[in-house]
Amino acid sequence: MPAPVETAATAATTAPATGPAVIVAIDGPSGTGKSSTSKAVAARLGMSFLDTGAQYRAMTWWMISNGIDVTDTAAVATAAHKPVIDSGTDPAAPSITVDGADASGPIRTPEVTAKVSAVSAVPEVRAVITRLQRSIAAAAPHGIVAEGRDIGTTVLPDADVKVFLTASAEARAARRSGELGSTATADVAATREALIKRDAADSGRKTSPLAKAGDATEIDTTDLTLVQVIDRIVALVEEKRAAK
Ligand SMILES: Nc1ncnc2c1ncn2[C@@H]1O[C@H](COP(=O)(O)OP(=O)(O)OP(=O)(O)O)[C@@H](O)[C@H]1O
Ligand SMILES: Nc1ccn([C@@H]2O[C@H](COP(=O)(O)O)[C@@H](O)[C@H]2O)c(=O)n1
């Protein structure tokens, strides 16, 4: 009988944690595979998983729902401490609530995606969310895989393993468009432009911009399968655990 083919789904099987707790920071531009890879690595190694982009999206959704103009920096800054954002860190069932309400659907709307970079650029928003992220990481019993834009540089600068994922804009647009159910040339081109615009805003802001930490391992995922990327990161974490 042929050996079973490993897929992203089988690679993500939750395993009990073994060895010392490690902190893993995974950063990179939009659509490079941070969430899918981080979730699978955490599941394989029995660790917690934190999608920090979901937290900025939750903050943005709350601002929109409460009638706050996201281009009004002072209004966003004043309101930043009001929403209660809670992240569930089980990689098999990650969750996000705002003021007790499930926000996992609403935070993925095109409106939130279009406005999140304006909200995440506000220093008071970053201060509130960074504090939350550090408290979640400190409480993770078997270590955590946290993914975002500034995890290795700002949120968890002492992380044991830092990875910076990249991929060509073409590959990222094709992946995202496929997710949305379209491979039409015009849709892929529009998705590509939207990704590039969001990356430029995230890289160009003053407070903890999207950036590769000096000590991060860069992995270009353009020509790698999801499982290959997961395998590489699992190997980095296991190497670090063995040395602890
Ligand atoms: N190496 C890969 N090969 C092919 N498809 C991939 C690869 N990595 C991720 N994908 C797919 O690309 C899409 C985007 O991945 P994912 O959401 O994990 O990226 P992300 O970096 O977290 O994006 P964002 O920052 O916008 O949230 C998903 O459909 C995912 O399954
Ligand atoms: N550490 C982070 C993570 C995310 N952001 C901002 O949130 C946006 C949405 O992130 P996704 O990963 O869900 O696409 C992103 O574009 C950033 O504006 C951040 O600033 N820092």
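**Close-up 1. The largest nonpolar core of this predicted model has 31 residues.** Among its members, Val24, Val41, Val145 and Ala146 touch the most others. Several elements each give two or more residues to this core: strand 1 (22-27), strand 2 (48-51), strand 6 (143-148) and strand 7 (161-166), together with helix 2 (34-45), helix 7 (151-155) and helix 10 (226-243).

**Close-up 2. Here we centre on Val41 and its contacts.**

**Close-up 3. Ligand 1 sits among 17 residues.** Those that come nearest are Gly33, Lys34, Ser35, Ser36 and Arg175. Helix 2, helix 8 (169-179) and helix 10 each supply at least two residues of the shell. By class, the shell around ligand 1 holds 10 polar, 4 charged and 3 nonpolar residues.

**Close-up 4. Ligand 2 is surrounded by 15 residues.** Closest to ligand 2 are Gly53, Tyr56, Ser120, Gly148 and Arg149. Two or more residues of the shell come from each of helix 3 (52-65), helix 5 (110-120) and helix 9 (185-204). Helix 3 provides the largest share, with 5 residues. The shell around ligand 2 divides into 6 polar, 5 charged and 4 nonpolar residues.

Conventions. Residues are numbered from 1 along each chain as its sequence is written. Chains are lettered from A and ligands numbered from 1 in the order in which they are written. This is a predicted model: local features need pLDDT of at least 70, side-chain atom pairs count only at pLDDT 80 or more; totals for chains, interfaces and linings use all residues. A residue is near a molecule or strand if its C-beta atom, placed from the backbone, lies within 6 Å of it. Helices (H or I, at least four residues) and strands (E, at least two) are DSSP runs, numbered from the N terminus. Ala, Val, Leu, Ile, Met, Phe, Trp, Tyr, Cys and Pro count as nonpolar, Asp, Glu, Lys and Arg as charged, and the others, Gly among them, as polar. A nonpolar core is a set of buried Ala, Val, Leu, Ile, Met, Phe, Trp, Tyr and Cys residues joined through C-beta atoms within 7 Å. A residue is buried if 20 or more other C-beta atoms lie within 10 Å of its own, exposed if 12 or fewer, and partly exposed in between; C-beta atoms are placed from the backbone. Two residues are in contact if their C-beta atoms, placed from the backbone, lie within 7 Å. Lists of a residue's contacts leave out its neighbours within four places in sequence.
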